[in-house]
Amino acid sequence: MASPTQDKFFRPNRDSVTTINDDGSRNFLHPADVRGFFTTWRTLVGYALIAVFLLSPWVYINGYPALFLDLADRRFHIFGLTLVAQDVRYLFFVLTGIGFTGFCLTAIFGRIWCGWACPHTVFLEHVFRWIERQIEGPSQERKKLDAAPWNSEKILKRGTKMALFFLVSTVIAHYLLAYFVSMPGLYQMMVHAPTDNWGAFVFIFVATVLIFFNFAWFREQLCLIICPYGRLQSALIDDHSLVIGYDEKRGEPRGKAHEEGRGDCIDCLRCVQVCPTGIDIRQGLQIECVSCSNCIDACDEVMAKLKRPKGLVRYDSLVGLSGGKTKFLRPRVYLYAVFLVIGSVAGTLVMSSYRPANLAVTRMQGSPYYLTDQGIRNQYMIRLINKKTEPLTLVLAATAPSGQKMELAGFDEPVIIAPMQEVLKAYVVTVNRKDYSGTFHLTFRAADKDGKFFIEKGAEFLGPDPMLVGAP
Ligand code: SF4
Ligand code: SF4
């Protein structure tokens, strides 16, 4: 349940949705351009994130792209670490770690992710809106173009913009695919007919259309209607979380700058004009606010012109905006942090069991054991996977409870596995009739020839009742 402070701020003083007209049609927003401290830093962060997105498939670490989710071979290359399908437990800790880090950051900094780092925001604000501005001009001109009839100028401008939007959408879709097939793999697909790679072709087609639709038309509706994180954040933040808010005490009663007894807000509506979701921050914290900080820069510019202190609209907590003192460290933050620490410790322990090779033991098809003149024979199939980008030599051994004598076949020669390859080998364990006293557990061990690591896997040695084989 919302606290009294949240309740006050979450309940905007309006009964309509800003992006829907009274007749139910879409009110397509054209936020005005804004300059300022946060806009500059947000732009730099956006460019840096776009650079990471574009460079990751090209930058190679240990012979593989920095981020390569190789679904075909079921291997995930993550900044030099290679995980195979059997290592999927590590991903659990990575994902929960990301989740709890997000919870902690949201509890402290509010919707900072939405405004600064969400791919939707980053591409919309720093790529698509930028193209739109270059072709159709600033906000007022874009609105005029919207209202204008379809003359040659409008067709030319809209056509050029949509063509560029489609081109950029296609590039983004190809990059997305490159994260799964690598750039050389993508190139090979591109130089072959679509029929040779139907799955990839359909992926590119669908992704391009969705990206184009989202950035050309859907835009802020994704945050308002679809994104679950936006909704989740209402539950994660409290009165002390950092939000973007309006200092009502200082700003009200709003009015003309020269009027006596007025607050600092001159009701210029500049903060509304720059808002990408079309809301009025003076009506309190609203679920539509994506914390983009445009209204802070817009209002600071107005305050600077009026020679009044900046920060009428600012990053602050609901408590801070009400005149109280913000507490960064509080039970909610401690709780998320404790979960994060527990997850990190567990993740570190699990990661410490990471080995650059995998060992899997299965019983060979057919009878679980064979009776021979000498004794009881079990046959195992051992799968060894080399996760390194260089050849790996492993020495195989098998041990059993103390005193159990065994004859091992196939264990003499070390196994050499090519980089990122696997080897499947059959091994035979025989127990002499006179040494057999029933089924037992044995351990297979694959050790790096230089002694840097080893992996062990257990298996059962099966056989009949000892009385039936004349065993003691
Ligand atoms: S930009 Fe500042 S002064 Fe202008 S309406 Fe918004 S809060 Fe008031
Ligand atoms: S209210 Fe301010 S911070 Fe929130 S979305 Fe609008 S401009 Fe961005």
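# Briefing on a predicted model with two ligands

Residues are numbered from 1 along each chain as its sequence is written, while chains are lettered from A and ligands numbered from 1 in the order in which they are written. Since the model is predicted, local features need pLDDT of at least 70 and side-chain atom pairs count only at pLDDT 80 or more, whereas totals for chains, interfaces and linings use all residues.

**The chain as a whole**

- The chain contains 16 helices and 16 strands, and its C-alpha trace spans about 110 × 55 × 40 Å along the principal axes.
- The radius of gyration of the chain is 32 Å, whereas a compact globule of 472 residues would have one near 23 Å; the radius is taken over C-alpha atoms, and the globule rule is 2.2 Å times the number of residues to the power 0.38.
- Of the 472 residues in the chain, 25% are buried, a residue being buried if 20 or more other C-beta atoms lie within 10 Å of its own, exposed if 12 or fewer, and partly exposed in between, with C-beta atoms placed from the backbone.
- Among contacts between residues at least 6 apart in sequence, 69% join residues at least 24 apart; two residues are in contact if their C-beta atoms, placed from the backbone, lie within 7 Å.

- Strand β3 (residues 67–70) is joined by four bridges to the antiparallel strand β4 (residues 75–78), and F68 has H77 of β4 as its bridge partner.
- Four residues lie between the strands in the hairpin of β3 and β4, where R74 takes a positive phi near 50°.
- The hairpin of β4 and β5 has two residues between the strands, and F79 in its turn has a positive phi of about 45°.

**The four-stranded sheet**

- Another open sheet has four strands in the order β13-β11-β15-β16, with antiparallel pairing.
- Its edges are β13 (415–417) and β16 (454–461), each of which has a single partner strand, so one side of each is left without a neighbour in the sheet.
- Neighbouring strands of this sheet are turned by 30° against each other on average, direction ignored.
- Strand β11 (residues 392–399) runs antiparallel to β13 and is joined to it by three bridges, with I417 of β13 as the bridge partner of L392.

**Surroundings of the ligands**

- Ligand 1 is surrounded by 15 residues, of which C265, C268, R270, C271 and C299 are the closest; a residue is near a molecule or strand if its C-beta atom, placed from the backbone, lies within 6 Å of it.
- Two or more residues of the shell around ligand 1 come from each of α13 (270–273) and α14 (294–306), and α14 gives the largest share, three residues.
- The shell around ligand 1 holds eleven nonpolar residues, one polar and three charged, where Ala, Val, Leu, Ile, Met, Phe, Trp, Tyr, Cys and Pro count as nonpolar, Asp, Glu, Lys and Arg as charged, and the others, Gly among them, as polar.
- Around ligand 2 there are 14 residues, the closest being C275, C289, C292, N294 and C295, and that shell divides into ten nonpolar, four polar and no charged residues.

**A helix contact**

- The axes of helix α2 (residues 37–55) and α14 come within 7 Å and cross at roughly 145°, and the contact is made by F37, F38 and T39 of α2 with N294, I296 and D297 of α14.

**Backbone details in loops**

- A cis peptide bond, with omega about -5°, joins E252 and P253, and P253 lies in the loop between α12 (248–251) and α13.
- D267, placed in the loop between α12 and α13, has a positive phi near 55° although this residue is not glycine, and D267 counts as partly exposed because it has 14 C-beta neighbours inside 10 Å.
- M420 has a positive phi near 55° and is found in the loop between β13 and β14 (422–432); M420 is buried, with 20 other C-beta atoms within 10 Å.

Terms used
Two strands pair if DSSP finds at least two bridges between them. Axes are lines fitted to C-alpha atoms, for helices over the stretch in contact, and angles run from 0 to 180 degrees between N-to-C directions.
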